[in-house]
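The following paragraphs examine the pockets of a protein model, then a hairpin and a helical residue. Please keep the sequence and the coordinates at hand while reading.

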Amino acid sequence: MSSVTTTHAPKGLEGVVATTSRICYIDGDRGVLAYRGIDIHELADHSNFEETCHLLWFGKLPARSELEKLRERLAAERHLHPSILTLIGNAPRTALPMDVLRTAVSALSFYDPDDKKNDHDANVAKAIRLTSQIAMMVAAYDRIRKGKPVVEPDGSLSHAANFLLLLSGERPSPTAERALDIALILHADHELNASTFAARVTAATMSDMHSAITSAIGALKGPLHGGANEAVFRILEAIDRGGTDPVEYVKGMLAQKKKVPGFGHRVYHTEDPRATHLRAMARDLGHSSGQAKWYEMSHKIEEFVKAEKKLNANVDFYSASTYHTLGIDVDLFTPIFAVSRISGWAAHVIEQLDDNRLIRPRADYLGPEYPARYVPIEQR
C-alpha cells in the first residue's frame with residue numbers, strides 16, 4: 001500500500017497546533033485567557049468593547065484619540081442598505097435568527113464599498129463595518145418579526161448601549177449597558193475555536209472577509225459551539241415551568257445519559273476565566289432586577305455538577321441567565337455571541353490574509369487496502 005508521511009492527529013484535532021497567531025493566548029491548565037497578552041480579567045474590569053476591538057484589530061490598546069476615532073468609525077457604519085432590510089423583512093417570521101444573520105451577512109458584500117479589495121486596510125474597514133452591521137441586523141430582525149419598527153441608532157451611545165437600544169427601543173440603564181459590554185469583551189475572541197478556524201480556512205483560499213465571516217456564523221450555529229447557551233436556558237425554563245428542584249432535574253438528565261450543556265471545555269482544565277465574570281454578572285443582575293431565580297437555579301446546578309462530575313461551568317452556562325435577565329429572547333443568545341465574536345473573527349481573517357498560506361491538512365486514510373480492484377457491475 002502506498003503511503004505519505006503524515007502526522008496522525010487525534011479525532012477532533014484535539015491539542016493540534018494548526019497555525020501561529022499573535023491575537024489570543026490561552027493556558028488551559030492555569031485558566032488563562034488573554035487578548036494580545038492582556039489578561040481577560042483586566043479587560044473585563046477596566047476596558048470596554050470598543051477598546052477591545054482596537055486591541056484585536058490594531059494590536060495595541062488605543063490612545064484616547066484613537067479610541068474616539070474608532071468609535072466615530074463604528075457610529076458612521078451603523079446603517080444598513082435598504083435592500084438588506086428588505087431581505088431581513090422578507091425572511092419567514094419562524095426563521096431562526098442565526099439563519100437570517102448568516103444569509104444577510106453574505107448579502108452585505110454586495111453593498112460593501114471595499115468588496116473587491118482584500119488588502120490590510122480594506123479588511124480593517126470591513127471589520128469595523130461588519131461589527132456595526134451585525135449588531136444592527138440581529139436587532140432589526142427581532143423587531144421586524146415582532147411587528148415593531150426598526151430603531152435608529154444613537155451616535156452618542158456605546159456599542160453595547162446601541163445594541164440594547166436597537167432591541168428594545170429604549171435607552172438601557174448603566175447597569176444593563178455595562179453588563180452587556182463585559183459580555184461582549186468576554187466573548188470577543190477565543191483562539192482557534194470552530195468558528196474562528198472555519199473563518200481562517202475560508203480566508204486562506206484568498207476569499208473575502210464576508211465569505212469568511214459567513215463560514216464562521218455557520219459553524220457558530222451548532223449546539224456544540226455557540227448554541228450551548230440556548231440549550232442551558234431551555235433547561236432552566238423547563239425547571240421553572242415544572243416547579244422541579246434543579247438538582248433533581250439534572251440528576252434525571254444524567255440518569256438518561258444526557259450531557260448537561262454549559263459544562264466542561266476542550267481547552268480549560270480548570271475554571272473557564274470567562275465564567276468567573278459571568279457568574280458574578282448573573283448574580284448581580286438577577287438581584288438588581290428582581291429575577292434572582294435564574295441565577296439561583298444555575299448556581300445549584302453548577303455546584304452539583306462540579307461535585308458529581310468534576311466539571312466546571314464554561315462561558316455558556318452563566319451567559320444564559322445573564323442574557324435572559326437583560327430581556328433578550330433565548331433564540332438571540334447565539335446571534336449575540338456573533339455580535340461580539342465578529343471582532344475576533346475579523347482579527348483572525350486580517351492576520352491570516354496578511355501572511356497567507358492555504359490551509360490544507362491531510363486525512364489518516366482507514367479505508368480498503370490499496371489497490372482495491374474495480375469490479376464490473378455484472379460481477380457484483
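On a 1 Å grid over the protein atoms alone, a pocket is an open set of points with protein on both sides within 12 Å along at least five of seven lines, and its lining residues have an atom within 4 Å of a point. With that definition, the second largest pocket is lined by 21 residues, and Leu164, Ser168, Ala176, Leu326 and Gly327 lie nearest its centre. Two or more lining residues come from each of α7 (159-168), α8 (174-186) and α13 (273-289), where helices are DSSP runs of H or I with at least four residues, strands are runs of E with at least two, and both are numbered from the N terminus. The volume of this second largest pocket is about 370 Å³, a volume being the space filled by probe spheres (1.4 Å probe) set on the points, which are joined across faces, edges and corners.

The model is predicted: local features need pLDDT of at least 70, side-chain atom pairs count only at pLDDT 80 or more, and totals for chains, interfaces and linings use all residues. Residues are numbered from 1 along each chain as its sequence is written, and side-chain values use heavy atoms, with hydrogens and water left out.

The largest pocket has a volume of about 1900 Å³. Its lining comprises 48 residues, with Gly12, Leu13, Leu192, Asn193 and Arg266 closest to the centre. At least two lining residues are supplied by each of β1 (24-27), α9 (194-204), α11 (228-242), α15 (315-325) and α16 (333-354). Domain 1 (24-223 + 335-354) and domain 2 (227-326) each give at least three residues to the lining of the largest pocket, the domain bounds being taken from an automatic or database domain assignment.

Strand β1 pairs with β2 (residues 32-35) in the antiparallel sense over 4 bridges; pairing requires at least two bridges found by DSSP. Cysteine 24 stands opposite tyrosine 35 in β2. The hairpin has 4 residues between its strands, and glycine 31 takes a positive phi near 70°.

Helix α11 contains isoleucine 239.
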